[in-house]
Amino acid sequence: MSVSSLRNPPPFLDGEDQEPEYDTRDLDSDDGEDIFTGRSNKPFTPTPPETDPPTDIFSEEGYTVQTPIKHPSLHTNILEPKFNGIQSDEELDLFAEATVELTLTTPNSQGRKEVCPTGPHFSILNAHSSLRMPDTSNKTMEELEEEEHGDTFELNIAVTNPEKMGDGMNAFMTYKVSTQTSLPAFRSKTFSVRRRFSDFLGLYEKLLVKQSLMGCIIPPPPQKSVVGMTKVKVGKEDPSSADFVEKRRAALERELSRSMNCLDQCIRVCVFCQLPRAVNTQALSGSGFLKMINKASDAVNKMTIKMNESDNWFESKLQEVENEEQLLRRLHASFDSLVNHRKELCSSTAMFAKSVAMLGSSEENSALSRALSQLAEVEDKLEQLQQEQAFSDFFIFTELLADYVRLLGAVRGCFEQRVKAWQRWQEAQSTLQKKREAEAKLLWANKPDKLQQAKDDITEWEAKVGQSERDFERISSTLRKEVHRFEKEKCRDFRHHIVKYLESLHRTQHRLVKCWETFLPEAKAIV
Amino acid sequence: MTSISQDGDRDKLRSVSVDLNNDTPLLIDIPDALCERDKVKFTIHTKTTLNSFQKPDFSVSRQHEDFIWLHDTLVETEDYAGLIIPPVPPKPDFESPREKMHKLGEGEATMTKEEYTKMKQELEAEYLAVFKKTVQVHEIFLQRLSSHPAFSKDRNFQIFLEYDQDLSVRRKNAKEMFGGFFKNMVKSADEVLISGVKEVDEFFEQEKTFLLDYFGKIKDATAKAEKMTRSHKNLADDYIHISATLTTIAADDNEAFKSKACISNVCVCVQKLEARVASDQELKLTELFRYYMRDIQAAKDLLYRRARALADYENSNKALDKARLKSKDVGQAEEHQQQCLQKFDKLSESGKKELTSFKARRVVAFRKNLIEMAELEIKHAKSNMSLLHACIEQLQSN
């Protein structure tokens, strides 16, 4: 029972399934180590024991499926006719947006410096990059001033083709994750694997580990929905379950694309995309419960310890983030109701069309009868239009809002991580203090044998204090960069989607005009 | 209390075409109306060259109940049995906007001030629209009466127009209400019986089938159109909320969200346009269907009366035969039969005329309204398009 036939995204969802373009800053907080150097030298992240160091994986020519991305929207993007002079820009832009940029900045490449409104932080980035990569083609983007020139790589990810595997309550949906890349790190240019939803969750968890050390912002995956999945499992082929699958598919795709931002994350995601079998990314369903407990303890923690904030920036930012989250939630709710009302309008228009058709058929004046049936047809077309508009309302904007609400939650999580790091530092300091006191006591009590122990302890704890302080600093600075980057992306994302949405509205109106214009002569012909 | 003056908008508002009473010596319009708590007072202005009136130009104030009274007296007049009596205008119904206003008041705390004012404006516009509609419907009623050769001479009609005191129409007391209700029941039972009566005239047979069928369909269409218009209005309302939230977000964040301010403006305009589309659609399409539904009901009433007369005639025939058999009261029975025959003939004749003109009227009205609606839709969609285009340009250039 495969549902795959349903779900190739309808073409008008244009760039919707395109990964939004992102600039990535080289988040080079690993002290000069970057992923590609890491590749040859050492494991680049605190990898869990099972995963081989990167070299092995990349050379593992397990299997690569040379499937060209069967992504209809990728093609229709370029070919779809647009209106009114928006055309030429659009084509270029949408195509450009099909790629995700990963850049390792080389200092002063091509004479164009990064223009960073945030000043001092980013100049650090430029200095660090140590590896030069071959230059790949540059894309024109609309915001050229933000582009980092230099080394750009292509990496497109698409999540398509949901299929149901298994039966009954053990059934699950798998999605085809297709990657197209020109990163030299991968042996082949295109490949695809099948993953299931819990794999995505597992990936997210792995990335979260990273987050706690680095302060990167990781986009959270869509919610695990028991009800939705049960419906799918049971095999009811009703539109709501198809909708659910479609929503999930789109959400997963967006999430993967967003994860492309942090370079380190990227590699992990690529691994995720490449391995024939998802290794160790399966999240247990029990972990959800665990997470809830963790969250509860976190909340308690937050309340008890007040951080001594040295940098006001963080505090105000956090406030901003929280406010924005609220507002976005509200906006999301209004958009939701908009979508619902539009769907209502669709159905009532459809009914109206039918009844007008019946009226037309019983009308005795032939011209009027024709006109009425024409009216019925127009209303039918209108219904379709409204349906499509509802679709794009939803996918373009509402989902975006939902994603951003979640992302903002993740940002808040990062802030919390920072606070935790500070706590750790403070704890280390206080432990050090205690050790010192213990040492002093020993000295006074004159017990030489334990003294050595105490001294060792002290050195150990001093090192820890130093480490945690460094951690904290690092997290703070990374967080700053991340937040800046996030905001830029958010701005761009929103603007992009707003434009898309307006364009879809525009299109709908245009077609509306056409419909009514075909009707008008019929109405005038009534005698 | 709201009052409106209609002069400029009158032609635009007219959603149902009526033989304009330009060439008749009796011109009626409702230039003004006052809305008090629960009642609407219409100012009816008459210009006439007929001698039967005392003055050539005068105005009176009437309420909805007076209209009902007028309609009922016309219906009850025997002489008009062969005519289609224009349907009584529906009672002014402010229930829906009032309910919404109430809900809005309750939800005030959850909305920003701006949002609240906008919603309130919307509601006021809706209220005004309902108001205009009801005035218009009453006006059309009177105009149809005045343009009809028979009705315009009706004494009651003249009283209605002229009597400058309050008509103080005795409101139907409970007994009469009940009686009216009962009469309706009898009538519908009768209709069923009478539809079995054999129809001699081809024309009337056709008309009957057509009207019965059409009535059902148009009733259905009206209901669906109403539903559609309502969902459209809901949609427009949503845009208000969205634009309000967007404005708040834009206000918070400085330059990063200039685009949000732009789209918030767009949302406001889109909302206005959608609301206009919805209300135009309602006016042209839904009102059209509604009005003709009632009109067809009136035509059906005519047919009913005629069929009633036919039944009477046949009954009188039977009675005559019986009397002849019994040789009792033959003269009386004959007279009765003659009367019935006359009545029936009269009804048939005038009925035929009325129904033919009704058909023509209906087609003309449909045509006019459908054309107007299509043109309005196109206009709105085009202005929507240009608005969106401008905004997209602005966003992309930013």
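This is a predicted model: local features need pLDDT of at least 70, side-chain atom pairs count only at pLDDT 80 or more; totals for chains, interfaces and linings use all residues.

Student: Why is the pair of A:Lys435 and A:Asp457 called a salt bridge?

Tutor: The cut-off is 4 Å between a side-chain nitrogen of Lys or Arg and a carboxyl oxygen of Asp or Glu. A:Lys435 and A:Asp457 come to 3.7 Å, so the pair counts. The two link distant parts of the chain: A:Lys435 is in helix α12 of chain A, A:Asp457 in helix α13 (residues 448–524), and they are 22 residues apart.

Student: What makes A:Lys435 buried, partly exposed or exposed?

Tutor: Its relative accessible area is 26%. Buried means under 20% and exposed over 50%, so A:Lys435 is partly exposed. A:Asp457 has 17%, which is under 20%, so A:Asp457 is buried.

Student: How do you know that B:Glu334 and B:Arg324 form a salt bridge?

Tutor: The same test: their closest N and O atoms are 3.2 Å apart, within 4 Å, so the pair passes. B:Glu334 is in helix α9 of chain B and B:Arg324 in helix α8 of chain B, 10 residues apart.

Student: What makes B:Lys133, B:Glu226, B:Glu287 and B:Arg290 one network?

Tutor: They are joined by salt bridges that share partners. Over all chains, the whole structure holds 31 salt bridges.

Student: Which residues form a salt bridge that crosses between chains?

Tutor: A:Glu363 and B:Arg362, at 2.9 Å, N to O. A:Glu363 is in the loop between α11 and α12 (366–445) of chain A, while B:Arg362 is in helix α9 of chain B. Both A:Glu363 and B:Arg362 are buried. The count between chain B and chain A is 4 salt bridges, along with 13 residue pairs in polar contact, both at pLDDT 80 or more.

Student: Which element gives the largest share of the side of chain B that touches chain A?

Tutor: That's α7(B), with 25 residues. By class, this side of chain B has 30 nonpolar, 12 polar and 17 charged residues. In total, the contact takes 59 residues from chain B and 55 residues from chain A. Between them the chains bury about 5,500 Å², 71% of it on carbon and sulfur atoms.

Student: Why is A:Leu359 called buried?

Tutor: Its relative accessible area is 0%, and the cut-off is under 20%, so A:Leu359 is buried. It sits in helix α11 (residues 312–362) of chain A. Not counting residues up to four places away in sequence, A:Leu359 touches A:Leu372 and several residues of chain B, including B:Tyr214, B:Ile218 and B:Phe289. A:Leu372 is 13 residues away in sequence and 7.3 Å away in space, C-alpha to C-alpha.

Student: What makes B:Asp154 a cap on α5(B)?

Tutor: A side-chain oxygen of B:Asp154 lies 3.1 Å from the backbone nitrogen of B:Asn156, at the N-terminal end of α5(B). Among the buried residues of that helix (residues 155–162) are B:Phe157, B:Phe160 and B:Leu161.

Definitions and conventions:
Residues are numbered from 1 along each chain as its sequence is written. Chains are lettered from A and ligands numbered from 1 in the order in which they are written. Side-chain values use heavy atoms; hydrogens and water are left out. Contact means heavy atoms within 4.5 Å. Buried area is the accessible area (1.4 Å probe) that two parts lose on being put together, summed over both. A polar contact is a pair of N or O atoms within 3.5 Å; within protein, one must be able to donate a hydrogen and the other to accept it, and residues adjacent in sequence count only if both atoms are side-chain atoms. Helices (H or I, at least four residues) and strands (E, at least two) are DSSP runs, numbered from the N terminus. Ala, Val, Leu, Ile, Met, Phe, Trp, Tyr, Cys and Pro count as nonpolar, Asp, Glu, Lys and Arg as charged, and the others, Gly among them, as polar. Buried means under 20% relative accessible area, exposed over 50%, partly exposed in between (1.4 Å probe, protein chains only).
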